[in-house]
Amino acid sequence: MAKKTGMVLLIAFVIFFIVNSPADAAAVVKNIQHLLGHGFASISEFIRSFRD
């Protein structure tokens, strides 16, 4: 029950954040995308280093 309530509160917060500050919400998404892309590139480079 607590997990479901927490998920509903998280979704409500995200919707509230997007509605009240769309530019900041877009910046957060862009930063997360950048971090994920950099992380995957680093892992790929690490794995490629074993082939050489």
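Tutor: Helices and strands are taken here as DSSP runs, numbered from the N terminus. With that in mind, the chain of this predicted model comes to two helices and zero strands.

Student: What is the radius of gyration of the chain, and what would a compact globule of 52 residues have?

Tutor: A compact globule of 52 residues would come out near 10 Å, whereas the chain has a radius of gyration of 17 Å. Taken along the principal axes, the box filled by the C-alpha atoms is roughly 50 × 30 × 5 Å.

Student: Which residues form a nonpolar patch on the surface?

Tutor: The patch is formed by M7, L10, I11, F13, V14, I15, F16, I18 and V19, which together have about 900 Å² of accessible area. One of these residues, L10, has its place in helix α1, and with a relative accessible area of 48% L10 is partly exposed, because the exposed class begins over 50%.

Student: How should I read a pair of aromatic rings, and how many aromatic pairs does the structure hold?

Tutor: In general, a pair of aromatic rings is described by two quantities, the distance of the centres and the angle of the planes. The structure holds two aromatic pairs. In one of them, F13 and F17, the ring centres are 6.2 Å apart and the planes stand at 15 degrees, so the pair is stacked, given that planes under 30 degrees apart count as stacked.

Student: Where do F13 and F17 lie, and are they exposed or partly exposed?

Tutor: Both F13 and F17 belong to helix α1, which covers residues 2–20, and they are four residues apart, about one turn of the helix. F13 is exposed, at a relative accessible area of 51%, while F17, at 29% relative accessibility, counts as partly exposed.

Student: What is the geometry of the aromatic pair formed by F46 and F50?

Tutor: The pair of F46 and F50 is edge-to-face, with 5.1 Å from centre to centre and 85 degrees between the planes; the cut-off behind that label is an angle over 60 degrees. F46 and F50 sit four residues apart in helix α2, residues 22–51, and are therefore separated by about one helical turn. As for accessibility, F46 and F50 are both exposed.

Terms used. Residues are numbered from 1 along each chain as its sequence is written. This is a predicted model: local features need pLDDT of at least 70, side-chain atom pairs count only at pLDDT 80 or more; totals for chains, interfaces and linings use all residues. Side-chain values use heavy atoms; hydrogens and water are left out. Rings of Phe, Tyr and Trp (its six-membered ring) pair if their centres lie within 6.5 Å; planes under 30 degrees apart count as stacked, over 60 as edge-to-face and the rest as tilted. Buried means under 20% relative accessible area, exposed over 50%, partly exposed in between (1.4 Å probe, protein chains only). The radius of gyration is taken over C-alpha atoms; the globule rule is 2.2 Å times the number of residues to the power 0.38. Patches are made of residues with over 30% relative accessible area and no salt bridge: like charges are joined within 9 Å, nonpolar side chains (Val, Leu, Ile, Met, Phe, Trp, Tyr) within 5 Å. Accessible areas come from the Shrake-Rupley method with a 1.4 Å probe; for residues, only the protein chains shown count as cover. A salt bridge is a side-chain nitrogen of Lys or Arg within 4 Å of a carboxyl oxygen of Asp or Glu.
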